[in-house]
Amino acid sequence: MRKLNSLTVCVVLTFLLGIVGLLADQVAPYDPLNTRMFRGLQPPSNVNLMGTDQLGRDVFSWVVYGIRTSLLVGLSSATMAVALAVIIGLLSGYKGGIIGNVLMRVADVFLSIPRFMLIIVTVVLLSPRISNIILVIAMFSWPEAARVVRSEVLSIKEREYVMAAKALGSRDLDIMITEILPNTTPTILSLWTLIIAEAILTESALGFLGLSDFNYPSLGVMLMMAKNAIFVGGWWVLLFPSITLVILILMFNFLSDKLIERLSPRLG
Amino acid sequence: MKPLLEVRELTVAYRVKGAMKYAVKDVSFTLNEDEVLAIVGESGSGKSTIALSIVGALPENAVVVRGKILFRGIDLLKLRPSERRYINGKEISIIFQDPITHLNPLRKVRLIFKDLFEDHGVEFNIQGVLELLRRLKVPDPQRVLESYPFQLSGGMAQRVFIALALVLNPKLLIADEPTSALDLTIQAQVVRLLREVRENFRVSMIMITHDIGVATSIADRILVMYDGGLVEEGSPDDILLRPKSRYTASLVNSTKALYKGVMSWTY
């Protein structure tokens with residue numbers, strides 16, 4: 001039997017979950033927000049695949065919509081964070097100087113304050129709408145990424161082809177865009193997937209603490225329900241959302257690892 | 001003869017752990033139009049530093065302590081980077097020791113040429129590039145243009161790089177150890193090619209090498225450097241047959257010993 005390629009498995013899983021998230025309306029049998037008074041805490045059955053929570057909400061539907069929310073928050077906040085990180089990392093790595101140093105000190109300040117606490121406070125201040133959650137997570141995710149991009153840029157700009165481009169009269173902007181940026185792609189892609197995983201985790205943690213958008217069911221909210229349900233035997237309320245969350249996060253972490261292995265010429 | 005490039009009392013130092021290490025000390029020389037000048041010296045004698053100061057691509061820890069580099073009367077060291085980049089690649093070009101690592105591995109050769117044209121605001125003329133590659137004896141230039149740098153052999157990559165350096169008709173071509181990374185037969189080909197370049201293209205050349213054989217076979221005049229300073233200047237015959245300084249004599253003798261006394265260089 002052919003050995004299964006873990007990158008392929010990850011990519012296939014990502015696509016499957018992506019489709020589930022996209023088609024959440026079709027996949028979910030019930031409206032996840034629908035509460036039914038006398039059908040609370042039903043064990044998994046034909047009617048409710050993953051049972052119901054205390055309020056009678058269908059856990060399976062909730063999980064399906066939760067995947068959508070997780071992917072939405074993960075993808076958009078990671079994309080924003082990485083875009084910002086790339087610009088800042090390139091500028092401060094290649095140009096250096098005062099601007100570069102100031103940008104990096106700002107990143108240091110962000111990195112030195114406990115991130116999660118700041119995120120909670122900011123989300124509370126801005127009200128927990130989905131757009132705010134995405135923005136805030138992006139705002140607190142770029143510094144790490146910017147540091148990594150910067151260190152990559154610092155090493156690439158010493159390469160001989162960058163020096164040659166300069167010697168043949170390339171503009172700084174062109175050097176950054178055509179010589180350096182393409183050569184950081186493996187790092188950027190791997191960072192991106194890693195930050196997606198982090199953002200998904202953060203979003204769930206916010207949901208667990210009650211800071212989630214009402215219209216976007218969060219896996220964390222169901223885990224908050226599970227906190228009480230577990231004491232009256234409702235194991236399904238805990239088990240299914242947490243497994244989903246673990247799969248989501250693990251998948252993106254793996255993807256990050258495998259991508260850099262595959263794309264980086266030094267390791268390949 | 002009109003001087004094309006004048007280097008006056010150039011002194012360059014590298015900042016290494018807070019201390020200043022002088023790589024080039026008070027070096028002055030002149031290059032006339034249509035002349036080929038060779039700078040010879042052992043590793044660490046500062047010859048590549050001179051090349052990089054002329055094209056303005058010194059590493060960040062290098063400092064030009066004093067001196068002037070006059071190109072057609074303009075001091076290159078006083079130009080702002082935005083002004084200088086119009087001279088680099090268009091008026092003054094450079095080729096390097098290892099052509100493959102000096103080309104961006106993620107861009108096809110065609111795009112590398114295109115970038116160069118665009119950087120200098122010249123319309124991309126692919127026919128001209130093909131023609132030039134043919135003149136530089138690149139077989140199947142169409143295919144070469146669609147290759148990535150790492151797909152080319154060392155000799156082929158050096159030809160491509162020479163084409164890149166010549167495509168905008170520079171007045172001055174600096175060759176920084178262009179043959180050192182190539183094996184002997186390819187070395188001979190490249191030296192022959194550079195000799196043809198000097199005959200066919202109206203371009204002055206500064207050839208930087210540690211190989212006296214390469215230098216004498218191509219240059220009109222040779223500068224000998226040692227430890228950042230200029231030791232001697234003279235025609236190839238003077239250097240080979242009538243060296244004035246002891247360092248030059250020992251340099252020539254060591255090469256002679258290597259070639260077992262063969263004085264007629266086979267390039």
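Student: How much of chain A is made up of buried residues?
Tutor: In this predicted model, buried residues make up 46% of the 268 residues in chain A.

Student: OK, and how many helices and strands does chain A have?
Tutor: Chain A comes to 11 helices and zero strands. Read along the sequence, the pattern is α-α-α-α-α-α-α-α-α-α-α.

Student: What box do the C-alpha atoms of chain A fill?
Tutor: Taken along the principal axes, the box is roughly 75 × 55 × 30 Å.

Student: And what share of contacts joins residues at least 24 apart?
Tutor: In chain A, that share is 69%, counted among contacts between residues at least 6 apart in sequence.

Student: Let's pick a helix. What should H3 of chain A span, going by its residues?
Tutor: H3(A) covers residues 59-95, which is 37 residues, so at 1.5 Å a residue it should span 54 Å. The C-alpha atoms at its ends are 52 Å apart, and that agrees.

Student: Is H3(A) mostly covered or mostly uncovered?
Tutor: Mostly covered: 27 of its 37 residues are buried.

Student: What follows H3(A)?
Tutor: A:Gly96 comes after H3(A), and its phi is positive, near 60 degrees.

Student: I also clicked on A:Gly66. Where is that one found?
Tutor: A:Gly66 sits in helix H3 of chain A.

Student: Why does A:Gly66 count as buried?
Tutor: Because A:Gly66 has 31 C-beta neighbours inside 10 Å, and 20 or more is enough to count as buried.

Student: Which residues does A:Gly66 touch?
Tutor: Leaving out residues up to four places away in sequence, A:Gly66 touches A:Pro217, A:Ser218, A:Leu219, A:Met222, A:Pro241 and A:Thr244. Look at A:Tyr216 as well: 150 residues separate A:Gly66 and A:Tyr216 along the chain, yet their C-alpha atoms are separated by 7.4 Å.

Student: New topic. How do H7 and H8 of chain A cross?
Tutor: The axes of H7(A), residues 160-167, and H8(A), residues 172-180, come within 11 Å and cross at roughly 145 degrees. H7(A) passes H8(A) in a right-handed crossing.

Student: Which residues make that contact?
Tutor: From H7(A) you get A:Tyr161, A:Val162, A:Ala165 and A:Lys166, and from H8(A) you get A:Ile175, A:Glu179 and A:Ile180. Those residues divide into five nonpolar, no polar and two charged.

Student: What about where the chains meet? How many residues does each one give?
Tutor: Chain B gives 20 residues to the contact and chain A gives 15. On the side of chain B that touches chain A, strand S6 (92-95) and helix H3 (109-119) each supply at least two residues.

Student: Last one, H7 of chain B. Which residues are buried?
Tutor: B:Gln187, B:Val190, B:Val191, B:Leu194 and B:Val197 are buried in H7(B). Seen down the axis of H7(B), the buried residues fall within an arc of 115 degrees, so they line one face of the helix.

Student: What do the buried residues of H7(B) pack against?
Tutor: They pack against helix H6 (154-166), strand S7 (172-176) and helix H8 (212-218) of chain B.

Student: And which exposed residues are on the face turned away?
Tutor: The face of H7(B) turned away from its buried side carries B:Thr185, B:Glu199 and B:Asn200.

Methods: Residues numbered from 1 in each chain as written. Chains lettered and ligands numbered in written order. Predicted model: local features only at pLDDT ≥ 70, side-chain atom pairs only at ≥ 80, totals over all residues. Buried ≥ 20, exposed ≤ 12 C-beta atoms within 10 Å, placed from the backbone. Helix = DSSP H or I, 4+ residues; strand = E, 2+ residues; numbered from the N terminus. Arc of directions from axis to C-beta. Contact = placed C-beta atoms within 7 Å. Axes fitted to C-alpha atoms, helices over the stretch in contact; angles between N-to-C directions. Left-handed = near helix turned anticlockwise from the far one by under 90°. Nonpolar A, V, L, I, M, F, W, Y, C, P; charged D, E, K, R; others polar. Expected span 1.5 Å × (residues − 1).
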